[in-house]
Amino acid sequence: MLAWEGGYKIGHEEMDAEHLFLFALLNQLDINIQEHREAECLRDVLNALRAYIDYHFAHEELLMKAWDYPAFDAHEAMHQGFVAEIGRLRAEVGEHDMTETALKLRDFVRSWLLGHILEADAEYAAFIAFKTRRG
Ligand SMILES: [Fe+2]
Ligand SMILES: [Fe+2]
């Protein structure tokens with residue numbers, strides 16, 4: 001289980017709330033795995049994750065554009081990389097062992113999300129906070 005900690009907050013209220021929701025999805029996947037229901041839930045988890053991540057990434061990209069964030073292109077490329085990996089895992093469903101795919105999905109999302117939030121997302125939030133202070 002991945003507990004949401006204050007340290008994962010980037011200081012942007014809406015984005016922190018969206019990240020919290022992503023953590024909740026990830027924890028749901030973890031619960032499914034612990035209860036050995038991952039095979040039957042995997043498709044739904046992937047669909048929910050894909051739908052919410054599309055919403056969240058689009059929201060972040062709009063925000064970064066609105067603030068003329070200089071590292072926008074690199075950030076957008078990271079988002080696209082994540083979506084591509086989710087697509088690859090989605091393609092495995094029905095082809096590979098479902099438990100293996102579920103574990104791969106959980107480990108990938110967990111490490112990607114933590115790294116991305118703590119570095120890339122924290123960086124645009126700091127940029128926006130800086131610009132806000134400067135007026
Ligand atoms: Fe994010
Ligand atoms: Fe991001």
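How are α3 and α4 oriented to each other, roughly parallel or roughly antiparallel? The views below are of a predicted model, in which local features need pLDDT of at least 70, side-chain atom pairs count only at pLDDT 80 or more, and totals for chains, interfaces and linings use all residues. Residues are numbered from 1 along each chain as its sequence is written, and chains are lettered from A and ligands numbered from 1 in the order in which they are written.

**View 1. Packing of α3 (residues 72-92) with α4 (residues 98-134).** The axes, lines fitted to C-alpha atoms over the stretch in contact, come within 11 Å and cross at roughly 175°. α3 and α4 are therefore roughly antiparallel (an angle over 145 degrees, on a scale from 0 to 180 between N-to-C directions). Residues in contact (C-beta atoms, placed from the backbone, within 7 Å) include Phe82 and Leu89 in α3, and Phe108 and Trp112 in α4. The contact divides into 8 nonpolar, 3 polar and 3 charged residues.

**View 2. Packing of α2 (38-66) with α3.** These axes also come within 11 Å and cross at roughly 175°, so α2 and α3 are roughly antiparallel. Among the residues that meet are Ile53 and Phe57 in α2, and Val83 and Ile86 in α3.

**View 3. The largest nonpolar core, with 12 residues.** Its members are buried (20 or more other C-beta atoms within 10 Å of their own) and joined through C-beta atoms within 7 Å. α1 (13-34), α2 and α4 each give two or more residues, and the largest share, 5 residues, comes from α4. Ala102, one of the core residues, touches Leu29, Ile33, Glu38 and Leu42, not counting residues up to four places away in sequence.

Conventions
Helix = DSSP H or I, 4+ residues; strand = E, 2+ residues; numbered from the N terminus. Parallel < 35°, antiparallel > 145°, perpendicular 65-115°, else oblique. Contact = placed C-beta atoms within 7 Å. Nonpolar A, V, L, I, M, F, W, Y, C, P; charged D, E, K, R; others polar.
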